[in-house]
Amino acid sequence: MSSVAPAWSALSPALLLGLTGLALLLVDTIRPNERSNTSMAVVSALGALASLSVTVWFVIAGTGHADTGGAITLLEGAVKVDTMSLFFTAIFASVTALVVVAAHDYFHDHQRPAAFYSLTLFAATGMALLAVANSLAIVFVALEMVSLPSYALVAFLKKNRGSVEAGLKYFLIGALSSAVFLFGISLVYAATGSLIFGEVAGQIESLDTLSGVAGIGIVMIVGGVAFKTASVPFHFWAPEAYEGAPAPVSAFLSSASKAAGFVVAFRVFTEAFPLGASLAADINWVLAFGVLAAVTMTLGNFAAAVQEEVKRMLAYSSIGHAGYALIGLAALSAGSAGNEAVMGAAMAHLLVYGFMNTGAFLFVAMAERWGIGRTFEDYAGLARRAPVACTAMAVFMFSLAGLPPFAGFFSKYFLFMGAIENGFLWLAGLGAVNSVVSLYYYSRVVRAMFLDDPATPSALDAIDVRPTALYAAVVFAAVATVLLLPGFGPVIEAAEAAAAALF
Amino acid sequence: MVDAFAYVPAVVLLPFFSFLVALGAGKYLPKGGAFGGIAATAGSFLLSLWIATAVAGGRAYNETLYTWAAGDQFELTFGALIDPLSALMLVIVTLVALLVHVFSLGYMNDEGETGLPRYYAGLGLFTASMLGFVVADNLLMAFMFFELVGLCSYLLIGFHFREPGPPSAAKKAFLVTRFGDYFFLVGVVAVFATFGTAAFAGEGSFPALAEAALAGSGDVWTPGGLELQTWLTVVGLLVLGGVVGKSAQFPLHTWLPDAMEGPTPVSALIHAATMVAAGVYLVARMYGFYALTPTTLAVIAFIGGFTALFAATMGVVKDELKQVLAYSTISQYGYMMLALGAGGYVAAVFHLTTHAFFKALLFLGAGSVIIAMHHNEDMWDMGGLKSRMPVTYYTFLAGSLALAGIFPFAGFWSKDEILYEALVHGLNEPLLLGGYVMGLLAVPVTAFYTFRMVFLTFHGEPRTDLAADPEPVRWNVKGPLTVLGSLAVVTGFINMVPVQKVLGLEGIDYLHRWLDNEWGGIEGLSSHHYADLGPYSSGYIAGGEVPTVLVGAAVSLGLALAGLGLAWRLYNVTSPTEHTAKLGGIKDVLYNNYYLDELQVWIAYRTEDIAGGADTFDQGIIDGVVNGVSSVSLLGGSRVRRIQTGLVTQYAAMLTLGLIALLVLLGVNGGWFL
């Protein structure tokens, strides 16, 4: 970053997202009766893309990178822009852009779609803020800023019982989790006397008798993170919210919101509670993440294997992937040189996941738009009617399962290799077994689409619409999933550089 | 000036593009994409000529073009190596491929075959693979293109996949050569493990490293403290496995006669310039390595000599035109192996060159006859075609004279040089001498079956109505035949070593000088260097070099003429009859190819027990684990499903309990509650 730009401009990705949200509100206020679905979608997509461009430019220019003067801190150290924050902001902005584009077709007959776009943009702003948070207070505020629009988004189909019910459940679990998280923060504050990460870290080593208090606080913060990432046992909201919510919202929550949970976890647990100091204070949070990772990936994948509906299967698979990404925290060991590799691999996995999972949910959105059913059987023979979209879906499925030659293979491979080299063979082994299980249910989708015959010849006659924007979003996500394979080198390097700055 | 070597990748890529075009758009193109293939191979041919000119201008090329995997120990790369050997081979392959493409217009298009895009796509890929193999600068790249060649042969031999024979023959060719390639693959890995590189040429190439290590000035890895010489021999024999499979040497030759099920132009391509030539070319390519291990050389020579004789005897009794040619191919490649094993590097390349032309000629000639005979290949139904298809006859005759080794046709010079090399080097080496004797015995047999074929096909009276009124062939058949016919006559003159030695005319052994880097080449890849490395010393009979040359040539020519004469007496009559009955019991043995197919099948069945064990392991243990995981996961999944009750109060309770469990776990672990 050149020295002439003021420091606050480092926040421009988040600011752009927020301003776009405000602009949408403004337009909607001035002309509330206008059916403005298209212009809303275009404005929000442009806002998200502008934010993405600025972020990518920052990454290339090296903003917040150690080579250009290190991380940029603002607001008395409560906000910190570095490579990791930019990396995750790129994920949020990409997913947001895909989702708003897809939503244009999904909400084609909705009465008042305008609120959807502004809520999504505000949630994205909260995520971008989470990525730069360097104080527990900012973390909490930003987390709520993500959560509150999310509750509304899940319940966005007001006349749909499933949507409303899911929104309410999500809200209740979310309120409980927020309380736990906030209680954890207060306990940590009680023990260390600070909310700024760096200062908390300085106190952790000299806790003495207060280590139990801080420990309970930290476990509660783990709980808050687990809620946002949909990890066991805070995952209960996820299958129902993902299933009940409009599919673009499911895509948004399961990709971007999950990544937001991880960015907090990565930063808090490396900068506020550094591993060496925590272990010295008898707070073995790596163990907690190890247990969470193992249980989460196993439960997610096993439950996904027995689902009948594609969307619910994807919901559980999303829980399983949270388990994989948790390896990035669970396979750390104090002072090991391999920490950067494993956490960097987890970040790269989240980026790849952002595209393939969003794409998969958007395909489901397309199926809902077509009005075919929700089960695997309803997808039978779909490839004959919609070959391009089904090919894209097959790419997502195989990439999610981690098969070469798709990007999901590499990110998972680096993740498991990093875990093995850091001495966590059991986690990698469990991850591999879970991947085998996941191949079963992912390939069920592909088999249904390409190999099975439709139940009745007229079953697929409903497909008479060509939702252009949805198609574009799905195809773009598929292309990104494929292109991330040759482009994986820069991605993993950026991710490892981001992780290296944390340790 | 534009550098010719910059176009080396284009030589390979042009036929590859014709493959893509024929595959993707063949059905929209006239002639099923044939013109694209012709244009591409013609372009490759011209580029190859240009490259050969550049080599003749004193230059060579050895570059890594693409590194596709890099590790700490070694790198895996694609590259191009252009030296006199590969430049010569490029010209041969592209020329034969071009002529085969043109001939296919007559053999496939004019005959109204279907599936032509598939055919021309196969030809394009086949040519591209072989060219990639020829320019390969390292063993791994060579192996990959070697496998591609194998795949293409499978696709083309099985071209008529709706008939019962071709798919089965294609499978056989694929499996038998694959059997040899397993050894080759292990050999490639062994080369990497031993030397850390698989490059053919240059300072750090594996032949150079092996040479240095044997001289005691280098250090290479050997497994279990095995003696270096022994280990190098093992590696050499492993790679030889692939060669024996592809070049159809005993005992892996059985696929080749069956491969005649493929369209005849494909047979020409396989036998003259691509697949079968690949094996011999590989040995020549890494000759600097083989020359270091006398045991391997002796094995090569003996296999070669034995195959030459063995295959020739089977050719004697065949009734079908292409079958005779098939066995002659096996036999002729045996000669090349004999030459390589006998230290006759140049002789082998020489024979590879002449054979490429006259065998392509014979196959295309046979194709012409087959067109004329409406795809009846039985020679007993022919006869008297001489006057009805003169172009085919005279070119076929030139090819036959070359194959039989009659002076002054191409085959005479190259075969004579092989036998000469084997003789002078073999006087002190019993194994080599054995190879020589077998090679010499094969000469009259070759001449006999060749002219039996010529007389039965073209001479005498027509024995069927079909032969009396054959279908005429067009320019696209006659053109390639004429080109190859001329080459079969004159190619021998590029290397008239006997003439040079007897008459003392210096400098007419052009091929020797070419391969000895006289014009240009790469250090360490010259025939001179190979001769220095090789274990052989020369001995002479009849008191000196010149008499040895004369005696050797006279003996082989005499034997060839004897074979020809016998065929003349038995078959050059108005209505020839079968004489096989006179062979007695041997006849059945020969008809059944020494029962080797049966032997291989028997061996295959015996391996069923081992395969059965592996199958049990696979079914029971591997699949058992997989099935176990899946049933456990489905069972576990349905349990998990039940947790998700839909009641948010229960969720809150379980969430809280989970958090408390985590708190207790970490608290006890960290001693917070004490």
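I started at W8(A), which sits in the segment before α1 (12-30) of chain A, where helices (H or I, at least four residues) and strands (E, at least two) are DSSP runs numbered from the N terminus. The model is predicted, so I noted that local features need a pLDDT of at least 70, that side-chain atom pairs count only at pLDDT 80 or more, and that totals for chains, interfaces and linings use all residues. For bookkeeping, residues are numbered from 1 along each chain as its sequence is written, chains are lettered from A and ligands numbered from 1 in the order in which they are written, and side-chain values use heavy atoms, with hydrogens and water left out.

I looked up the exposure of W8(A) and found a relative accessible area of 53%, which counts as exposed; the classes are buried under 20%, exposed over 50% and partly exposed in between, with a 1.4 Å probe and protein chains only. The areas come from the Shrake-Rupley method with a 1.4 Å probe, and for residues only the protein chains shown count as cover.

**Helix α6 of chain A**

Next I went to S177(A), which lies in helix α6 (residues 161-192) of chain A and is buried, at 1% relative accessibility. What does S177(A) contact, leaving aside its neighbours within four places in sequence? I found F227(A), F234(A) and L655(B), contact meaning heavy atoms within 4.5 Å.

An α-helix has 3.6 residues a turn, so residues three or four places apart point the same way. E165(A) is partly exposed at 41%, whereas K169(A) is buried at 10%.

**Other salt bridges**

A search of the whole structure gave 18 salt bridges over all chains, and I followed up some of them.

E309(A) pairs with R374(A), with the closest N and O atoms 3.6 Å apart. E309(A) is in the loop between α12 (285-305) and α13 (310-330) of chain A, and R374(A) is in the loop between α14 (339-370) and α15 (382-385) of chain A, so the bridge ties together parts that are 65 residues apart in sequence. Both count as partly exposed, E309(A) at 22% and R374(A) at 35%.

In chain B, D319(B) forms a salt bridge with R452(B), the closest N and O atoms being 3.9 Å apart. D319(B) lies in the loop between α13 (294-315) and α14 (321-341) of chain B and R452(B) in helix α18 (residues 430-458) of chain B, so this pair ties together parts that are 133 residues apart in sequence. R452(B) is buried, at 0% relative accessibility.

I also recorded a network of salt bridges that links K80(A), D82(A), R267(A) and E271(A).

**Chain B and its helices**

Chain B has 28 helices and 2 strands, and 57% of its 674 residues count as buried. Among its contacts between residues at least 6 apart in sequence, 78% join residues at least 24 apart. Chain B exposes about 25300 Å², of which carbon and sulfur atoms supply 65%.

Is helix α17 (residues 410-426) of chain B buried or exposed? I found that 17 of its 17 residues are buried, so α17(B) is largely enclosed by the rest of the structure. Its end C-alpha atoms are 24 Å apart, which agrees with the 24 Å that its 17 residues should span at 1.5 Å a residue, the expected span being 1.5 Å times one less than the number of residues. Helix α10 (residues 264-273) of chain B is likewise mostly covered, with 10 of its 10 residues buried, including P265(B) and H271(B).

Helix α2 (residues 34-56) of chain B has 23 residues and reaches 32 Å from first C-alpha to last, close to the 33 Å expected. Just after α2(B), G58(B) takes a positive phi of about 95°.

**Confidence**

Last, I checked pLDDT, the predictor's confidence in each residue from 0 to 100. Chain A averages 89, with 98% of the residues scoring at least 70, and chain B averages 84, with 99% scoring at least 70. Within chain A, confidence is lowest in strand β1 (residues 72-74), at a mean of 85, and highest in helix α5 (residues 136-154), at 94. For the complex, the predictor gives an ipTM of 0.90 and a pTM of 0.65.

Technical notes. Salt bridge = Lys/Arg side-chain N within 4 Å of Asp/Glu carboxyl O.
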